[in-house]
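Me: I'd like to learn how to read salt bridges in a structure. Could you walk me through some cases?

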Amino acid sequence: MARFDAVFIGSGINALAGAALLAQEGWSVCVLERSERLGGAIRTVADYTLPGFTHEVLSSWHPLFQGSAAYAELAEDLHGNGLEYVNTELPTATAFPDHGAMFLHTSLEANVAEFERQHPGDGLAWQRQFETFMASADLSFGVLGTELWSAGGLGLGRSLLSRFGRRGLLGFAGRALASCRDWTGQTFASDRAHGLLAPWVLHTGLGPDDAVSGFMTQVIACAVQLGGMPVPVGGGVKLVEALSAIVREAGGELRTAADVERIVVSQGKAVGVTIAGDEPVHATRAVIAGVTPTQLYGHLLPCGDVPDDIARAGARFRYGRAGMQIHLALNEPPRWKGPDADLLARTAIVHVTSGLDGVSRAVNEAERGLLPAEATIVAGQPCTVDPGRAPNGKSILWLQLQELPAGRVKGDAAAELDVGDGTWTDELREAYADRIVTRLGESIENLDSATLKRIALSPADLEALNCNLVGGDIYAGSCALDQNLLWRPFAEAPGHATAVEGLFHIGASTHPGPGLGAGSGYLVAKRLTRPPLPRRMLAKLPGRS
Ligand SMILES: Cc1cc2nc3c(=O)[nH]c(=O)nc-3n(C[C@H](O)[C@H](O)[C@H](O)COP(=O)(O)OP(=O)(O)OC[C@H]3O[C@@H](n4cnc5c(N)ncnc54)[C@H](O)[C@@H]3O)c2cc1C
């Protein structure tokens, strides 16, 4: 039987980064992926729509990875293995129905001017909120980069207490619970500013009226100003290849078409996995599962190996709204309408919405099981950052929709489409994609004439590509507060260690949640390679470095 120190189930960003970090520490690692490709929600496909057009079928933008602790440690080896990032000074904007637009730049001065352009006083408000956020950014980012149920989490709590005092800490925590609507409303006078920021809440799995969405808006807005919208030259596959190369160079193995059926538990310890139609693989030190809680507790773990209350809570784990992707190959770059058309044409991600209320309405419709009448369209323009994604003079659009019902579609908020029995048929997918493209055409004058080919992926198509996207939930689990932060994946089993010795849970369903930040893979790799307590205490003695 093959034996490794650590066996990873799945090959998403968290598993790959975790495997690379362990491999660099001398661990023998094996990554087992059920599909034909490594990378999970990183899926770059050349000639996807037409020859010469390279598309990110799923995730596309890498600010989270470029800002991550994993990247900070692995950067040199990743670059040595062919990864190269490119960035832009125009990361995001919102295009409004009257053809006005508002932009978020990578410079504080430019953003102050842009907020001021929309409403006198908002420029100063942006500057103040940025400075206030940055004064405690170590703690805010710390919450997202720390194993909260650990000595590290306790240390973070102590730092918060000593910096703010008891009353100040309560105020900080209370403000962090505010919704995006409340925070933006209290901070900026201009509706355009609210409409610029609110769509970003969708990228955290929340809606603008949800608890904590105000804090998440601030984290993202400041991170985008600081970090822009980087992408790997040639697509996310370059990151997957570079991480895989680090694993292989250290003697590790990465296998595709390896569907893990069971985690083998012996005397309360995870000792390996079984694979459909193949030999089992033995793990001497850790099994690390990059899967959803419903798969982990419902299928992979043998009955009786975790306490009943945990198994039952795992089965109850909730999935969030579904997503949809639409990919367009264009004969020429998009020509946006309005006075800011040139800037919009150079912006990486343009949200098309009527504003905060528009996002709120679409989220609410989706949560009630309806196809939104006016969805927030996330219009990604990868060629603005990496022109090589399309042949010379041509372009692509990466369209994302994050406001679709979780589960069965009950109806259409616009009362136009027949949703049948609520399952995602090809007809329903294409009819809904028609609605989206028609609306986008109101903002891009040549959209129809420039489109050479379109491929749409419904929630069902997304789940077929990656079983972690249950019901098409692109974030592998609702990010509502009771399944977020201290409570992710769920209150009975928070964090990454599990009730089974040697078994760790990583991936978007776990803290710090979805995105390409590789946070859970990093935290688990660090925990596993941390020197034992006596050595750590010795290192702290005077005279030792
Ligand atoms: C459409 C879409 C767009 C997104 N856009 C962005 C973006 O632009 N920027 C960003 O930061 N984030 C984005 N995200 C979110 C981000 O991509 C994901 O949160 C992240 O990639 C999830 O990583 P993961 O480690 O949880 O594993 P995943 O990427 O979910 O991969 C898990 C892998 O495990 C495999 N697997 C599952 N069960 C088994 C088993 N039993 N045996 C073997 N293999 C198994 C699956 O086949 C899959 O390949 C997007 C997500 C989606 C779906």
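This is a predicted model: local features need pLDDT of at least 70, side-chain atom pairs count only at pLDDT 80 or more; totals for chains, interfaces and linings use all residues.

**Reading salt bridges**

Me: Which side chain does E430 meet in a salt bridge?

Reply: Look for a side-chain nitrogen of Lys or Arg within 4 Å of a carboxyl oxygen of Asp or Glu. Here the partner is R454, with an N to O distance of 2.8 Å. E430 sits in helix α16 (residues 426-441) and R454 in strand β19 (residues 451-457), so the pair links parts of the chain 24 residues apart. R454 is partly exposed too, at 25% relative accessibility.

Me: Which residues are linked with R454 and E430 in a network of salt bridges?

Reply: The network also takes in D426, R429, D434 and D461.

Me: What does the salt bridge between R34 and D259 tie together?

Reply: Their side chains come to 3.5 Å, N to O. R34 belongs to the loop between β2 (29-32) and β3 (44-46), and D259 to the loop between β9 (253-255) and β10 (260-266), so the bridge ties together parts 225 residues apart in sequence. R34 is partly exposed at 43%, and D259 is partly exposed at 27%.

Me: And where do R181 and D209 lie?

Reply: These two side chains form a salt bridge at 2.5 Å, N to O. R181 is in helix α8 (residues 180-187), while D209 is in the loop between α9 (191-202) and α10 (213-227), 28 residues apart. R181 has a relative accessible area of 29% and D209 one of 41%.

Me: How many salt bridges are there in the whole structure?

Reply: A search finds 25.

Key: Residues are numbered from 1 along each chain as its sequence is written. Side-chain values use heavy atoms; hydrogens and water are left out. Helices (H or I, at least four residues) and strands (E, at least two) are DSSP runs, numbered from the N terminus. Buried means under 20% relative accessible area, exposed over 50%, partly exposed in between (1.4 Å probe, protein chains only).
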